[in-house]
Amino acid sequence: MATYLDFEEPIKALEEQIEKAKTLGEESDMDMGDKIKELEGKLEKKTKEIFTNLTPWQRVQLSRHPDRPYTLAYINAMTEGTFQELHGDRNVKDDKAMVGGFGQLDGQTVMFIGQQKGANTKMRQYRNFGMANPEGYRKALRLMKLAEKFNKPIVTLIDTPGAFPGLEAEERGQGEAIARNIYEMMKLKVPVICVVIGEGASGGALGIGVGDRILMLENSWYSVISPENCSTILWRSWDYKETAAEALKLTSTDMKKLKIVDEVVKEPLCGAHRKHDEIFDTLKKVLKKEIAALSKLDPIKRSADRIKKFENMGVTK
Amino acid sequence: MVWFKREKEGITTSTKDKKETPEGLWHKCPKCKTVVTAEDHAKNFYVCDRCSNHDRIGSEEYFQIFFDEGKYKEFDAKLSSGDPLKFTDTKKYTDRIKATQAKTGLTDAIRCAKGDIDGQPTVIAAMDFAFIGGSMGSVVGEKIARAIDQAIKAKCAFMIISKSGGARMMEAGLSLMQLAKTSGKLTQLADAGLPYISFLTDPTTGGVTASFAMLGDINIAEPGALIGFAGPRVVKETIGRDLPDGFQTSEFVLEHGFLDYIVERQNLKAEVSKSIRLFMS
Ligand SMILES: [Zn+2]
């Protein structure tokens, strides 16, 4: 069963009408062709109307849409059965909120790393809602070093409401784990491409977010804090999340304007959650293009450019 | 020895805010309530003689503690915040900046300077908690980046004194990127073979912990400082029970392997000076 957000309700209504018309046509021999065509026209128009006027808060909602594909779905689809998941940080445990491993994009071996969310209640808990512990970040770093050793490009897929703020996470150095990843990612001698596919919340996102190219899917968000937490802290109430979402300039288009991300990856008009195959295909094409371009650069220069890229971020007077 | 020669009124003030004592002449320890004269308190490095509580102090006090004769050359003192997001919450960000500048006499949450520590040239970037909770935005990132360039140019040791609630929300994505910017610059300091001492003071949390504060060649801290990634309130809410005693203190962080040593303020200069000598000679 597909899930519809409140602002997607008109789409749901039209889809239901189309279904009804089709059923009626089949059952009663009536020619519903024109009626269906008319409704499909309306649906397209309505979809366009809704999805070209999304507010920042609606995009945040879309980034968390229960039907939206998660990291492993992208990896599995793009690598067509060649992906092999690798586990563990070699120190503490295997963090289920962070996944990774080698797979091939049309013959090119790539290291994929990303936060993983779960699709149902049980899996959401198993994946800790995509909130990694220090061992998750250390697993990610181990895999990045592995890729570097064998000269394979790295693709990270970011989708997290934040690094896990738990007691053991603090004991095991959540801050240090993220800091170490940021630092080490600067120096990697292989191409690194980071893609925000859903939620990009704060240090938890940046812990796998340092690369030569930073991309965002159209309906994802990336910022220093979630709009809800921002609302709670600055407005001292949960009720200003929509205002906070606007103020934070966290959408893909705003982040591109701020020159924090390099490219916005277009989603299907109705959102990635309605047409999985289409977004998998789009992203695969984009990644292949980026990897090909980055692979041509000298590794030392590529790393120096990466540091420079982040050094240029910020506005002072 | 006079520990705190205030040359300009208005620069950070550990004594100015002590409202419970008349005209700031007296200091009452927030922990054990012992009352001493403000002058004696300053002479004792703002540490309580009785319970050894370390009061929060600002960049100026640390510069006075560390630099020989309290002499230093400050860099980029005028660099201040833009408003790239046109951010407004209950107040305009630009107004908040102006008001905080007027109140504290600071331009932003960090000051960077070069001076000598027992004759050893050192660049120090010291954060000021008084400025929007020591929050890190573009100015903090840029000043750290430039301070690292200064240390590389002078081929000297580099230290950051962290004191921050984390990244500055009003610069949102750009604040977050300062974690990356500062960490990237630290790789250049490392390439130059120069030591980076990360000194964590109360409090060091959030984005600062998830970047430069945890990346020292040595990480050191003052006693009893709050050090963590997530704030204690958030951790408490997450686990749904009370936090163990001493959770996220310097001593806790040392015990879990993320600090090299804890140093009392009275020994601060001597210990850091020793570390620098061991690295540089
Ligand atoms: Zn006391």
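Trainee: Let's start with residues 25–281 of chain B: how far apart are the end C-alpha atoms?
Mentor: Along this span, 35% is helix and 19% is strand. Both kinds of element are DSSP runs numbered from the N terminus, helices being H or I with at least four residues and strands E with at least two. Between the end C-alpha atoms of residues 25–281 of chain B, the distance is 44 Å.

Trainee: Before we go on, what pLDDT do side-chain atom pairs need in order to count?
Mentor: Residues are numbered from 1 along each chain as its sequence is written, while chains are lettered from A and ligands numbered from 1 in the order in which they are written. This is a predicted model, in which totals for chains, interfaces and linings use all residues, local features need pLDDT of at least 70, and side-chain atom pairs count only at pLDDT 80 or more.

Trainee: Thanks! Which feature does UniProt list for residues 25–281 of chain B?
Mentor: UniProt positions are given here in the numbering used for this model, with feature names shortened, and annotations may be inferred rather than shown by experiment. The entry in this case is unreviewed. For residues 25–281 of chain B, the feature from UniProt is "domain: CoA carboxyltransferase N-terminal".

Trainee: And how far apart are the end C-alpha atoms of residues 29–51 of chain B?
Mentor: UniProt, again in an unreviewed entry, lists "zinc finger region: C4-type" for these residues. The span is 26% helix and 13% strand.

Trainee: How far apart are the centres of domain 1 of chain B and domain 2 of chain B?
Mentor: Domain 1 of chain B covers 1–55 and domain 2 covers 57–280, with bounds that come from an automatic or database domain assignment. Taken over C-alpha atoms, the two centres are separated by 22 Å.

Trainee: What is that distance for domain 1 and domain 2 of chain A?
Mentor: In chain A, domain 1 runs over 9–53 and domain 2 over 59–311. The distance between their C-alpha centres is 36 Å.

Trainee: How are helix 1 of chain A and helix 2 of chain A oriented, roughly parallel or roughly antiparallel?
Mentor: Helix 1 (residues 9–28) and helix 2 (residues 33–51) of chain A pack with their axes 9 Å apart, at an angle of about 165 degrees. Axes are lines fitted to C-alpha atoms, for helices over the stretch in contact, and angles run from 0 to 180 degrees between N-to-C directions. Angles under 35 degrees count as roughly parallel, over 145 as roughly antiparallel, 65 to 115 as roughly perpendicular and the rest as oblique. So helix 1 of chain A and helix 2 of chain A are roughly antiparallel.

Trainee: Which helix supplies the largest share of the side of chain B that touches chain A?
Mentor: The contact takes 48 residues from chain B and 43 residues from chain A, two residues being in contact if their C-beta atoms, placed from the backbone, lie within 7 Å. Helix 4 (138–154), helix 5 (172–191) and helix 6 (232–239) of chain B each supply at least two residues of the side of chain B that touches chain A. The largest share, 15 residues, comes from helix 5 of chain B.

Trainee: On that side of chain B, how many residues are charged?
Mentor: Ala, Val, Leu, Ile, Met, Phe, Trp, Tyr, Cys and Pro count as nonpolar, Asp, Glu, Lys and Arg as charged, and the others, Gly among them, as polar. The side of chain B that touches chain A has 24 nonpolar and 20 polar residues. The number of charged residues is four.

Trainee: What is the orientation of helix 4 of chain B relative to helix 5 of chain B?
Mentor: These two helices pack with their axes 8 Å apart, at an angle of about 5 degrees. Helix 4 of chain B and helix 5 of chain B are therefore roughly parallel.

Trainee: Which orientation do helix 14 of chain A and helix 5 of chain B have?
Mentor: Helix 14 (residues 299–311) of chain A packs on helix 5 of chain B at an angle of about 135 degrees, with the axes 8 Å apart. Helix 14 of chain A and helix 5 of chain B are therefore oblique.

Trainee: Which residues of helix 14 of chain A make the contact with helix 5 of chain B?
Mentor: Helix 5 of chain B brings B:M177, B:A180, B:K181, B:G184, B:K185 and B:T187. Helix 14 of chain A meets them with A:I307, A:F310 and A:E311.

Trainee: One backbone detail to finish: what is omega for the peptide bond from B:D202 to B:P203?
Mentor: B:P203 sits in strand 7 (residues 196–204) of chain B. Most peptide bonds are trans. The bond from B:D202 to B:P203 is cis, with omega near -10 degrees.
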